[in-house]
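The questions below go through one model step by step, from single residues to the whole chain. Please keep the sequence and the structure open while reading.

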Amino acid sequence: MTDGIDIDHLCALAKLDLPKEELTAARSDLENIVLMVDAMQDVNTEGVEPLSHPIEFPARLREDVVTEQVDPEQFQHNAPDTAAQLFLVPRVVE
């Protein structure tokens, strides 16, 4: 199945200019990837339920509690312009 890999065409599409020795390595890597995908296609997955995540574990959720009070003045003292605890920025879209 790896006979059809045209590494020169793929490099042209990706706008890559690889030296000859890297072309050989890239072709070999792509052939190995295609062989791995072919092997994965042969695995019988009949009756296997899809997973939302490869490792099944319960989500560790913490209680959403405010742990500190933020003073807006502390964060805005270096801002060029503020109003009503908001950062004012120049208009960039007309």
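In this predicted model, a residue is called buried when its relative accessible area is under 20%, exposed when that area is over 50%, and partly exposed in between.

Q: Is glutamine 85 buried or exposed, and what is its relative accessible area?
A: Glutamine 85 lies in the loop between β1 (82–83) and β2 (86–87). The cut-off for an exposed residue is over 50%, and glutamine 85 is therefore exposed, with a relative accessible area of 57%.

Q: What is the phi of glutamine 85?
A: Most residues other than glycine have a negative phi. Glutamine 85 is not a glycine, yet its phi is positive, at about 65°.

Q: Where is lysine 15 found, and what is its relative accessibility?
A: Lysine 15 has a positive phi near 55°, although it is a residue other than glycine. Its place is the loop between α1 (7–13) and α2. Lysine 15 counts as exposed because its relative accessibility is 76%.

Q: How far apart in space are leucine 30 and isoleucine 5, C-alpha to C-alpha?
A: Leucine 30 belongs to helix α2, and it counts as partly exposed because its relative accessibility is 28%. In sequence, leucine 30 and isoleucine 5 are 25 residues apart, while in space the C-alpha to C-alpha distance is 7.9 Å.

Q: In what order do the elements of the chain run from the N terminus on?
A: The chain has 3 helices and 2 strands. Read from the N terminus on, these elements run α-α-α-β-β.

Q: What radius of gyration does the chain have?
A: Along the principal axes, the C-alpha atoms fill a box of roughly 65 × 45 × 30 Å, and buried residues make up 7% of the 94 residues. For a compact globule of 94 residues the radius of gyration would be near 12 Å, whereas the chain has 28 Å.

Q: How far apart are the centres of the positive and negative side chains?
A: The accessible surface of the chain is about 9400 Å², and 56% of it belongs to carbon and sulfur atoms. As for charge, the chain has 6 positive and 20 negative side chains, and the centres of these two sets are separated by 6 Å.

Definitions and conventions
Residues are numbered from 1 along each chain as its sequence is written. This is a predicted model: local features need pLDDT of at least 70, side-chain atom pairs count only at pLDDT 80 or more; totals for chains, interfaces and linings use all residues. Side-chain values use heavy atoms; hydrogens and water are left out. Helices (H or I, at least four residues) and strands (E, at least two) are DSSP runs, numbered from the N terminus. The radius of gyration is taken over C-alpha atoms; the globule rule is 2.2 Å times the number of residues to the power 0.38. Buried means under 20% relative accessible area, exposed over 50%, partly exposed in between (1.4 Å probe, protein chains only). Accessible areas come from the Shrake-Rupley method with a 1.4 Å probe; for residues, only the protein chains shown count as cover. Lys and Arg count as positive and Asp and Glu as negative; His and the chain ends are not counted. The place of a charge is taken as NZ of Lys, CZ of Arg, CG of Asp or CD of Glu.
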